[in-house]
Amino acid sequence: MSTLVASISGTAELAKLLVAERDRQKAATIEGQLTERITQAQIQLSQVLSTIIEKDGRLQALAERVRELEAEQSEKNRYRLAKLGSLGNFFAYELRPAAELVERSDEPPHFACQPCFDIRKQKSILRIQGTLCFCASCGTKVQIEPGKPVVPKSLRRDPDPFARRW
Ligand SMILES: [Zn+2]
C-alpha cells in the first residue's frame, strides 16, 4: 500500500513536473514572442523617431528659408525701381525717402544694382561717377548721362567700359 501511495505520489510529482515543464515551454514560447514583438515595436519606434527627426530638420530648414525670404523682402521693400540718369533706360533700386522707411532711415540716398538684387540676391550699391554708373559686384558699367565719360583708373583696363552687361 505504501508502495502504491509512493508510486501515485511520484506520478503526481512527475505530472506536476510535466505540467511545470509544459508551462515553462509555453512561458518560454510566450517570452520569445513577447521579445520578438518588443523588438519589432522598438524598430518601428526608431523608424518613427527618425522620420520625426528628419521632418523636424526639414521644418527647421524651411523656417530658416522663410526667415531669409522675409529678410530679403523686408530689405527690398526699402527700395523702389527708378530710372537712373537721363541717357537710355537704366533702372536701379533707389532707397525710398527717409519718411517711408521703417528702419535705418538715416541711410544716405543711394541706388542698388537691380540684377545683383534680383538675380544674385545681394545688395550692391551703385557708384555714380560723372556720367557713368558702376556696380563693383557684377561689373556693370553704364553711361547714364550725356557727355564725355571719364573712366576711373580702376576701370581703364577694360576695353569697353561702357558696355551694358544685360
Ligand atoms: Zn550688380
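Let me start with a pairing: Lys83 has Phe91 as its bridge partner in β2. What we are looking at is a predicted model, in which local features need pLDDT of at least 70 and side-chain atom pairs count only at pLDDT 80 or more, while totals for chains, interfaces and linings use all residues. Residues are numbered from 1 along each chain as its sequence is written.

The protein has two helices and six strands, where helices (H or I, at least four residues) and strands (E, at least two) are DSSP runs numbered from the N terminus. Read from the N terminus, the order of these elements is α-β-β-β-α-β-β-β.

Coming back to the pairing, Tyr79 has Leu95 as its bridge partner in β2, and β1 and β2 pair in the antiparallel sense over five bridges; two strands are said to pair if DSSP finds at least two bridges between them. The open sheet holds three strands in the order β1-β2-β3, with antiparallel pairing. Because β1 and β3 stand at the edges, each with a single partner strand, one side of each is left without a neighbour in the sheet.

Of its 15 residues, Ala92, Phe111, Ala112, Cys113, Leu126 and Cys133 touch the most other members. Two or more residues come from each of β2 (91-95), β3 (111-112), α2 (114-118) and β5 (132-134), and β5 gives the largest share, three residues. Leaving aside residues up to four places away in sequence, Ala112 touches several residues, including Tyr79, Ala92 and Leu126, contact meaning C-beta atoms, placed from the backbone, within 7 Å.

Finally, two loop residues. Arg104, in the loop between β2 and β3, has a positive phi of about 45° although it is not a glycine, and Arg104 is exposed, with 10 other C-beta atoms within 10 Å. Lys121, in the loop between α2 and β4 (127-129), has a positive phi of about 55° and is likewise not a glycine; Lys121 is exposed, with 11 other C-beta atoms within 10 Å.

Key
Core = buried A, V, L, I, M, F, W, Y, C linked by C-beta atoms within 7 Å. Buried ≥ 20, exposed ≤ 12 C-beta atoms within 10 Å, placed from the backbone. Contact = placed C-beta atoms within 7 Å.
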